[in-house]
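Morning, everyone. I have one model to walk through today.

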Protein chains: 2
Amino acid sequence: MTQRINLPEIGLPRIVIIGAGFGGLRMAMKLKGKGYQIVLIDRNNYHQFQPLYYQVAMAGLEPSSICFPIRRIFQNRKDVFFRVCEVESIDSQNKKLNTNLGVVNFDYLVIATGAKNNYFGNANFEKYSLPLKSVSEALFLRNRILEDFEASLLEVEPKERQRFLDIVIVGGGPTGVEIAGALAELKKHVLPKDYPELNLNEMDIHLVQSRARILDAMSDKSSLTALDNLANMGVKVHLNSRVLDITDNEVTLSSGDKIFTKKVIWAAGIAAATMPGLTDDSYHKNGRLIVDEFLRLKTSESIFAIGDVAFVEGINGHPQVAPVAMQQADYLANFFIKLLKKDTAHKKGFTYLDKGALATIGRNKAVAERGKLFLKGFAAWVMWLGVHIYFLIGVKNKIVVMFNWVWAYLFFDQGLRLLIKPKIKNN
Amino acid sequence: MTQRINLPEIGLPRIVIIGAGFGGLRMAMKLKGKGYQIVLIDRNNYHQFQPLYYQVAMAGLEPSSICFPIRRIFQNRKDVFFRVCEVESIDSQNKKLNTNLGVVNFDYLVIATGAKNNYFGNANFEKYSLPLKSVSEALFLRNRILEDFEASLLEVEPKERQRFLDIVIVGGGPTGVEIAGALAELKKHVLPKDYPELNLNEMDIHLVQSRARILDAMSDKSSLTALDNLANMGVKVHLNSRVLDITDNEVTLSSGDKIFTKKVIWAAGIAAATMPGLTDDSYHKNGRLIVDEFLRLKTSESIFAIGDVAFVEGINGHPQVAPVAMQQADYLANFFIKLLKKDTAHKKGFTYLDKGALATIGRNKAVAERGKLFLKGFAAWVMWLGVHIYFLIGVKNKIVVMFNWVWAYLFFDQGLRLLIKPKIKNN
């Protein structure tokens, strides 16, 4: 497609930002009114708050509570242009992007496309597992869980019923742990009341972790606390265990164990979400874009990358987490602001300030650490709640999420067990 | 399918209720613990609050705020069995229902399937218009409106752009009036801020009514007030106007006018939602099931019908509105309770108590009437809000809807402009 996308030239240098996640959106917000034309591109018309996808999947929160319409953020702005489209390729030579809606030219390009699931090249993993990398996928997972409970009611054969009830979660990082804990709480507090016809003892929740510890990016203390919590909640944790194969009925582990289930949740790893057009030497062997300490692509003067997709050479990359993306967004926004003032003081490369890590396991159960500091239980859990509310975009979202949490805490109830499916026509 | 659905016999007479709308759900709630086995069937796992669909479509409320999980209502009950399925036919001779999941037998059957859109036999009306008879359809409509605004940004040709911006609403009943008013408010308060690139004067909202008055089930006062309000809000109301044809680009009215638009909302009429298996003489010529004053089908001793689908012979039917369905549910539940007590006192037929009618046009604008009483403006609007909150199921839903209304009232903002689309896999 050679048609140009309808986008006025406003006489300012144009920065195109691909991706309205933690990094891209924050850059656009910092750069508004600073003398650039900002063109923000995303495939959705909203920003999604990734750390709470799992609560959407567990029917604890609505998608709308953790999403925010991007146009709302840039209301009335004459220098920020938002377009909902998919980028198809980058033409770095001619400083152009090809999108499904047409061509967009740029003076500077910031790639903030984040990460996608890593299935390690196994087609079955991708085909038969349920991902959780967007609110749409979270909703789909919620519907699958609810559908399978309905289906289990109809199944008189215990073995067959088990395939609907059991759940396998692959990956023992924060997402896997959070899902496992939330499912255990659903099983304990909600499902027995909703399904008095079922014997919930038949339902097993499996967490499969390839390494020796869950939460292995955190300390031993955090890891053991989480393991202890999950075990107490009845989750079957398989350590040092890899998934060898997944079919639509069964998961085979490296131990030889087979788990009969139709429901496998994939939380095992991420890969950079890249796109065609850049030369091969732009990529590190891990798939991320190699940038220098100023976050500039080593293969192009005018292209930058931040967040999960960027790999800062020399320091061997940063962890693929939201705080890195946000700090890089701040750094790069400042760079552009200074650039326009011909300020040459901006000589210092990006450095990441690690503010610690948090993970929640369930009601009153979480771990938090920062350097040598370690918290667990209720205190860590409240800290987890507070941090997530703080970073969530939108005052109304903050209120709604808090209200939902208070409600769930008081009444032991995930209220949103609604199997709302897309339908175009009634007939 | 001859397989029987997994449903235990519990030694009580079985009442099967088809449909968990205003009538069916209320009957099930009244009959729990009264000595029957209640089997409630719906195609969704939730009850939907139809009067607020239009607010979901207008991005003012989330589907979850006006839906309630049916299992939540019957938690821990041993006499109420809920199944998510579609009824395929009724076998009144053998007292059996055929569903997509298998056969269900009944001692008594209550048909509470409500109504569907009436396209008056015109295939184009059905194909090219957007319905609003479920939350799924409301979400679809919301997405279409948002998509079309995004598309209009990309269109440089004014005539083409108009097709994305203009909206035609067919039907001047409460739903049509409410949608027209809500769209006019979006156009005034929200869209100019979200889309500073667009000239919103290009956007026209058309309301097409076949009769001489809008809200023609209400009094002249209500009708004229609503017309006046809509005109002040910039809605173009076409009275005495019928739609002759709809294509994907154009609506042709009986006046000869053609409106260029891709977006036609269908609110023009409803037809009873019936199903195969009953003899032709069970139906009135308007498509509703003929029942006697005891709400019993004239063609079967053990089958009853309530709500929009039922047509009480002799009194020439009741209006197809929620209060009728609820009053009929109460009446029929009482009948069954007395039946079990061998109480023969239940000789009095159903009578409908008309408690009046309400319609809202917009912020501080509504009409309410009861007999000779008439209210308009702020007082009627507050009454409208109160009545809807009162009948909404679920304390949490009531709180969330009220919070959303207060927020929208204070900040002139429909917060949920999220184009969240179903997606299974990310890749």
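This is a predicted model: local features need pLDDT of at least 70, side-chain atom pairs count only at pLDDT 80 or more; totals for chains, interfaces and linings use all residues.

Strands here are DSSP runs of E with at least two residues, helices are runs of H or I with at least four, and both are numbered from the N terminus. Two strands pair if DSSP finds at least two bridges between them.

Residues are numbered from 1 along each chain as its sequence is written, while chains are lettered from A and ligands numbered from 1 in the order in which they are written.

Back to the sheet. Strand 15 (residues 250-253) of chain B pairs with strand 16 of chain B over three bridges, in the antiparallel sense. Which residue of strand 16 of chain B is the bridge partner of B:Glu250? That is B:Phe260.

Next, helix 8 of chain B. Helix 8 covers residues 220-232, 13 residues in total. From first C-alpha to last, helix 8 reaches 18 Å, close to the 18 Å expected at 1.5 Å a residue. That expected span is 1.5 Å times one less than the number of residues. Buried residues in helix 8 of chain B include B:Leu227 and B:Leu230. Buried means that 20 or more other C-beta atoms, placed from the backbone, lie within 10 Å of the residue's own. The buried residues of helix 8 pack against several elements of chain B, among them helix 7 (174-194) and strand 12 (205-208). Just after helix 8 of chain B, B:Gly234 takes a positive phi of about 90 degrees.

Now the chain contact. Chain B gives 51 residues and chain A gives 51 residues. Contact means C-beta atoms, placed from the backbone, within 7 Å. On the chain B side, helix 5 (135-154) is one of the elements supplying at least two residues. Helix 5 of chain B has the largest share, eight residues. The chain B side divides into 22 nonpolar, twelve polar and 17 charged residues. Ala, Val, Leu, Ile, Met, Phe, Trp, Tyr, Cys and Pro count as nonpolar, Asp, Glu, Lys and Arg as charged, and the others, Gly among them, as polar.

Methods. A residue is buried if 20 or more other C-beta atoms lie within 10 Å of its own, exposed if 12 or fewer, and partly exposed in between; C-beta atoms are placed from the backbone. Two residues are in contact if their C-beta atoms, placed from the backbone, lie within 7 Å.
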